[in-house]
2 protein chains.
Amino acid sequence: MPIGTIQWRDARLYILDQTLLPLERRVIPLDTADDVFEAIQSLRVRGAPAIGVTAAYGVVVGLRAAQPKDTADALVVVDNTAIYLGASRPTAVNLFWALARMQRVAHRLDATTPLPILMETLEAEAKTIHAEDLELCRAIGEHGAGLIPEGAGVLTHCNAGGLATSGYGTALAMMFWAHEQGRKFQVYADETRPLLQGARLTAWELQAVGIPVTVICDNMAAHLMRQGRVQLVVVGADRITANGDVANKIGTYGLAVLAQAHDIPFYVAAPYSTFDPALCSGDDIIIEERAATEITEGFGIRTVPEGVSVYNPAFDVTPAELVSGIITERGLLRAPYGPAIAALLAATATETQA
Amino acid sequence: MPIGTIQWRDARLYILDQTLLPLERRVIPLDTADDVFEAIQSLRVRGAPAIGVTAAYGVVVGLRAAQPKDTADALVVVDNTAIYLGASRPTAVNLFWALARMQRVAHRLDATTPLPILMETLEAEAKTIHAEDLELCRAIGEHGAGLIPEGAGVLTHCNAGGLATSGYGTALAMMFWAHEQGRKFQVYADETRPLLQGARLTAWELQAVGIPVTVICDNMAAHLMRQGRVQLVVVGADRITANGDVANKIGTYGLAVLAQAHDIPFYVAAPYSTFDPALCSGDDIIIEERAATEITEGFGIRTVPEGVSVYNPAFDVTPAELVSGIITERGLLRAPYGPAIAALLAATATETQA
């Protein structure tokens, strides 16, 4: 999938500006920490894993732009850049995970390390996070593909594809994998108001590889389910807490309730970097509220009368009991999620230390 | 509520063009049956009761424009106009109800009746339907207002207000009535994709009278319910079958499922003209599918990639078992709906004949 969501070329960071898709495919450079902050905050790059990768490179970008005079100075810049970029969006935990990882790697060195070594080490770590994310996505796809029944209608929400990751995606990865095996199925993509990531991004990615996709408005999902046209719902995640509660794009929770009411399995696909063992449950997740204008004048025309209140939460929380399974790079997690998630993270930690 | 949804002035039909709201308040004349057909089909006038009233006047407009040479000719024109206008939209039964009523009144006369008498009779009948609809709405409001708990959050979908009727509305009528009594509550209006009747019309109507209203995207309703911010869901209807199944704007069924899952009462408000005793259940209702461009280019710019399929049903069916009650001009109907609906329609028929 050469989508080029995030690119590191000649020691410079580029992203595909997703706010312009599908009308225009424009790649833009991010040359300062401010550029990276703005790109994440305004959703030029979005999707929990892609935000994590971009932020990791963002530490390198910020460090280089700051032109530190020595390594001690550079370590301060790394921490400050991490704090700064961590304020760009509150919900996706991959952001904090990637920034903490970059800080950890930096602080394994000390002030006596030559500055070029620190720079190289951080660049290498960001590239590792980037490459690792693609591998995680491929593994998620392989583990999830078998969940798609032959001839099924698969409903997804928002975009959990190559554009939300280094490439290949999380929820879409299983579709790409199944499609590569020659399997037949049909995808329904919720357009996903207010910013239409499903209509603009998911439809674009699936169409590009020839997977049949039909865009619907979010409020049509229940009608499709009642008609028997949906056999599976799969979504990505922005944060999964220790008990298996899932924060994801607003509308996910409603879909999970509807899926249960229609006896349709509801799966979440995510790599280990999306789990947040520090939070006991979804009640502890900060839900980002975004600007009213995303709803009132999202596409250039005002659609809500001036002066009317708007509520615009970007995410919701789906309780673990509505989740049929969580597809990870190490396989499918089933309830009870507490021990399954702990085991996943323990295995990851062991491998990383080895 | 001097909204002026439908106006009959100096023997000429005018409507408020709802496709332009809230940005522009433009009243347009409808001088031919083609004008009326186009206005209904393109949703310049919409909402089941308003469509019925407009179609009734449309018969008068069509008859006058045809300049029949005698009464026998005029009766043929009436029937042909009714058939023609009946093809403008398939789901709202008020359309067929109003056209059949106009035909019935015309055919009570015969070819020996002077032509001016036929014309006057039909004009009077259309005005009666118009005035009656406003009375029905006021009565629905009075019967429904008590269902709104003090301080409640009330969720509604699409627009079932003055703009969907002769004035005052169906689902919104109870809000207007409660507000007139000085009651305090908060309305959440689903924006209602694809054509945003909730954002454009419902918010506009509620704001105009000072009822606090917050617009949300359709996919946010479940999140609000889970937060405990919704105590009541109320919607209008386009057709209610003999068993109490309800066709209404796409997204209504999903809301009903979500309301049940959160133990929130789900009410439907409609006058007797929205009931269709000829259909046993919602399975028999024809669901209109509308143009893909309503979804792909609804905001003036293309939001779905070229060549991607789109599914755009304008309505869905909510089964009677999800409906807590149906608010009518004669009071609240409760399950079992079959006998309750039969009794409502019998009482109406008796009164009409009296």
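# Domains and chain contacts in a predicted model

User: New to this one. How far apart do the C-alpha centres of domain 1 and domain 2 of chain A lie?
Analyst: The C-alpha centres of domain 1 of chain A and domain 2 of chain A are 25 Å apart. Bear in mind that this is a predicted model.

User: Which residues belong to each domain of chain A?
Analyst: The domain assignment puts 6–138 of chain A in domain 1 and 146–353 in domain 2.

User: How many residues of the two domains are in contact?
Analyst: On the domain 1 side of chain A there are 32 residues, in contact with 36 residues of domain 2 of chain A.

User: And what area do they bury?
Analyst: About 2,800 Å² is buried between domain 1 and domain 2 of chain A, with 56% of it on carbon and sulfur atoms. A:Arg46, A:Thr91 and A:Arg138 supply 23% of the area that domain 1 of chain A buries against domain 2 of chain A, more than any other three residues.

User: How many salt bridges are there between those domains?
Analyst: The count between domain 1 and domain 2 of chain A is two salt bridges.

User: Which residue forms a salt bridge with A:Arg138?
Analyst: A:Glu180 does, and the closest N and O atoms of the pair are 3.8 Å apart.

User: How many residue pairs are in polar contact there?
Analyst: Across the interface of domain 1 and domain 2 of chain A, 18 residue pairs are in polar contact, both residues being at pLDDT 80 or more.

User: Which elements of domain 1 touch domain 2?
Analyst: Helix 2 (48–66), helix 4 (93–108) and helix 5 (115–144) of chain A are the elements that give two or more residues to that side of domain 1. Helix 5 of chain A gives the most, with seven residues. By class, the residues of domain 1 of chain A on this side are 17 nonpolar, eight polar and seven charged.

User: How many salt bridges between the chains?
Analyst: Two salt bridges are counted between chain A and chain B. In a salt bridge between the chains, the side chains of B:Glu191 and A:Arg193 meet at 2.6 Å, N to O. For polar contact, the interface of chain A and chain B has 22 residue pairs, both residues at pLDDT 80 or more.

User: Which strand of chain B is joined to strand 12 of chain A?
Analyst: Strand 6 (residues 213–216) of chain B is joined to strand 12 of chain A by two bridges, and the two strands run parallel. A:Val310 stands opposite B:Val215 in strand 6 of chain B.

User: What about the open sheet in chain A, in what order do its strands come?
Analyst: Its four strands come in the order 11-8-9-13, and the pairing is mixed. Strand 11 (275–276) and strand 13 of chain A are the edge strands, each pairing on one side only.

User: In what sense do strand 8 and strand 11 pair, parallel or antiparallel?
Analyst: Strand 8 (residues 239–241) and strand 11 of chain A pair in the parallel sense over two bridges. A:Ile240 stands opposite A:Phe275 in strand 11 of chain A.

Note on methods:
Residues numbered from 1 in each chain as written. Chains lettered and ligands numbered in written order. Predicted model: local features only at pLDDT ≥ 70, side-chain atom pairs only at ≥ 80, totals over all residues. Heavy atoms only, no water. Domains from an automatic or database assignment. Contact = heavy atoms within 4.5 Å. Buried area = accessible area lost by both parts, 1.4 Å probe. Salt bridge = Lys/Arg side-chain N within 4 Å of Asp/Glu carboxyl O. Polar contact = N/O pair within 3.5 Å; in protein donor to acceptor, adjacent residues only side chain to side chain. Nonpolar A, V, L, I, M, F, W, Y, C, P; charged D, E, K, R; others polar. Pairing = 2+ DSSP bridges.
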